[in-house]
Amino acid sequence: MKQMTFLFLLIVISVRSYSQDTNCTQYHRGKFTYTDSANNIIIVKRKKNFQVETNQTTNVWINFRITWKSDCEYQLEQVGTNSKARRKYNHTFTTTIISKLLGEAGYEYTCACKDPAVAKISGVMKKLGE
């Protein structure tokens, strides 16, 4: 009986620890920044269903519709941009997985992109103060 009680407590503690480690809801809204492959700083403003990314060097902005597939996985659909070169990616989807939580600092992500030039990327999305 002691072994069953111990096993039950171990399972409860493991599940509770896992759920705390995968609490990505703090990243569903807010202002973030990341550095792209060309070392440009990108500012991300994320609201309920939309995300806007602005390249600080080129002033190119891209609007996305964001759909949360799970707590730590989301899909972006590009819906508009001021870049003629990026317009061909309107209505394409990108799936992003939050792979490691960094708390208030942000998160690490992995992204599977439809853009053949950028098949799979990973990086750090830093959370900025509101």
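Tyr 74 is buried, at 2% relative accessibility (buried means under 20% relative accessible area, exposed over 50%, partly exposed in between, with a 1.4 Å probe and protein chains only). Keep in mind that this is a predicted model, where local features need pLDDT of at least 70, side-chain atom pairs count only at pLDDT 80 or more, and totals for chains, interfaces and linings use all residues. Residues are numbered from 1 along each chain as its sequence is written, and side-chain values use heavy atoms, with hydrogens and water left out.

**Core**
- Tyr 74, Ile 98, Tyr 107 and Met 125 touch the most other members of the largest nonpolar core, which has 17 residues (such a core is a set of buried Ala, Val, Leu, Ile, Met, Phe, Trp, Tyr and Cys residues joined through side-chain atoms within 4.5 Å).
- At least two residues of this core come from each of E1, E2, strand E4 (61-70), strand E5 (73-81) and strand E7 (106-112) (strands are DSSP runs of E, at least two residues, numbered from the N terminus).
- Beyond its neighbours within four places in sequence, Met 125 is in contact with residues including Phe 32, Val 44, Arg 46, Tyr 74 and Tyr 107 (contact means heavy atoms within 4.5 Å).

**Aromatic rings and a charge**
- There are 5 aromatic pairs, counting rings of Phe, Tyr and Trp (its six-membered ring) with centres within 6.5 Å; planes under 30 degrees apart are stacked, over 60 edge-to-face and the rest tilted.
- One of these is the tilted pair of Trp 68 and Tyr 74, at 4.7 Å centre to centre and 55° between the planes.
- Tyr 107 and Tyr 109 make an edge-to-face pair, with 6.5 Å between centres and 70° between the planes.
- Both partners are tucked away: Tyr 107 is buried at 0% relative accessibility, and Tyr 109 is buried at 8%.
- Tyr 27, Phe 32, Tyr 34, Tyr 107 and Tyr 109 belong to one aromatic cluster.
- Arg 46 lies over the face of Phe 32, 4.8 Å from the ring centre, and also over the face of Tyr 74, at 4.9 Å (the rule wants NZ of Lys or CZ of Arg within 6 Å of the ring centre and within 35 degrees of the ring normal).

**Strand E5 and its partners**
- E5 is largely enclosed by the rest of the structure, because 7 of its 9 residues are buried.
- E4 and E5 pair antiparallel over 8 bridges (pairing takes at least two DSSP bridges), and they form a hairpin with 2 residues between them.
- E5 also pairs antiparallel with strand E6 (residues 93-101), over 5 bridges.
- Glu 73 in E5 stands opposite Ser 70 and opposite Ile 97 in E6.

Definitions and conventions: Helix = DSSP H or I, 4+ residues; strand = E, 2+ residues; numbered from the N terminus.
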